[in-house]
Amino acid sequence: MIDKRALRELFPVTRNVIYFNHAAVGPLSVRAYDAMEGHARDQREFGAMHWRDWYAEYVKLRESAARLIGAQPDEIAILKNTSEGISFVAEGLRWKSGDNIITTGMEFPSNWTPWKRLESRGVETRVAKLPTVEEIEPLIDERTRLITVSSVAFHNGFAADLDAIGALCASRNILFCVDAIQSVGAMTIDVRRSNIAFLAADGHKWMCGPEGAALFYVAAEHREELEPIESGWTNIDRKGKFIGCSIDLLPDARRFEAGSLNTNGIYGLRAAIDLLLEIGIGNIESEVLRLSRALGEKLRGIGFEVEETRSPIVGATPPNVESSVIRLHRLLDEERIITAPREGLLRFSPHVYNDDEEIDRVIEVLRRM
């Protein structure tokens, strides 16, 4: 049982607005903010004197992130965003002209542009209408190297069946890459169960961490297939040397971390993930799905069109034409109800600390409009 009152106290945003925009940027919890403030104060007062503590925090983040997605800590790299992780896959695999990848027509640019840019090297991008086995399987042939989908579509909340697509990939010896930014932190992800080879997810949405700190999962058995496209001083085995050091890559996912990391962001993201783990990702998923279903039903009750999805994102079409979406978004902002216009839809994305009273308030305001 989730203690909503105690949980809402950890998210001061609840005192100021009704925040239904986690699919864009999640607010920081007290714990994430305090962790970042503590590190910032330490650097202000002591410079890099406590650098060993900073490095220990990197280890703790990898451990917490691994627990969150069912991985091992040595399979987690810390990057700056989802785009970087997916680009590492697109640019790091050893392609041959005539290879193809399969993605979908529902992708955010982060999971679209890296693959389309490969076309200049003779790698075809094939596009399925939806991230389903039924739509993807007919596009597979003997030159299909990789299938990539978003776990949840950014605009309408369509949730891919990762287990089913992963099983299809495993049966055809195809790599599976997932843009998981719209689900990690709100829904259960198990990279092993879903046969995921690569996964990227920034921490600033459903994990409610800061921007500029992201998780990049590379399955251990696929690590050598991915050539690091950045080199620096932190992803090699220096053996204690700086001048004339070795260029041998580190043996684990740290080989994808080529330079100094966003230490302040790492403190915040680790605290944010640990809060999620404390609540329980299964409990979070049950609650956010309950809230999104309740919101969807009440929106339909006042004339909105809402597609049934199994995710925390609710994409709604107003009773009148698409041009009203921008207007409604602006008016909701004025009422301190934070949403987003996306692809002709008014997008609502509540999280676990939101409650039914907030849903009722949203419906009341929309009905009045």
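**Exercise 1.** Determine how many cavities of 30 Å³ or more the structure holds, and describe the lining of the largest cavity.

Step 1. The structure holds 1 cavity of 30 Å³ or more. On a 1 Å grid over the protein atoms alone, a cavity is a set of points where a 1.4 Å probe fits but cannot get out, and lining residues have an atom within 4 Å of a point. The model is predicted: local features need pLDDT of at least 70 and side-chain atom pairs count only at pLDDT 80 or more, while totals for chains, interfaces and linings use all residues. Residues are numbered from 1 along each chain as its sequence is written, and side-chain values use heavy atoms, with hydrogens and water left out.

Step 2. The largest cavity contains about 40 Å³ of space, a volume being the space filled by probe spheres set on the grid points, which are joined across faces, edges and corners.

Step 3. Its lining consists of Phe11, Cys208, Leu275, Leu276, Ile279, His351, Val352 and Tyr353. Of these, 7 are nonpolar, 1 is polar and none is charged (Ala, Val, Leu, Ile, Met, Phe, Trp, Tyr, Cys and Pro count as nonpolar, Asp, Glu, Lys and Arg as charged, and the others, Gly among them, as polar).

**Exercise 2.** Which residues lie nearest the centre of the largest pocket, and which helix gives the most to its lining?

Step 1. A pocket is an open set of points with protein on both sides within 12 Å along at least five of seven lines. The largest pocket has about 480 Å³ of space.

Step 2. Among its 22 lining residues, Tyr55, Tyr58, Arg62, Thr234 and Arg254 lie nearest the centre. Helix 3 (residues 51-69) gives the most, with 6 residues; helices are DSSP runs (H or I, at least four residues) numbered from the N terminus.

Step 3. The lining divides into 11 nonpolar, 4 polar and 7 charged residues.

**Exercise 3.** Describe how helix 2 and helix 8 cross.

Step 1. The axes of helix 2 (residues 30-46) and helix 8 (residues 263-279) come within 8 Å and cross at roughly 150°. Axes are lines fitted to C-alpha atoms over the stretch in contact, and angles run from 0 to 180 degrees between N-to-C directions.

Step 2. The two helices are therefore roughly antiparallel (angles over 145 degrees).

Step 3. Contact (heavy atoms within 4.5 Å) involves residues including Ala35 and His39 of helix 2 and Tyr267 and Leu275 of helix 8. The contact residues comprise 8 nonpolar, 4 polar and 2 charged.

Terms used: Parallel < 35°, antiparallel > 145°, perpendicular 65-115°, else oblique.
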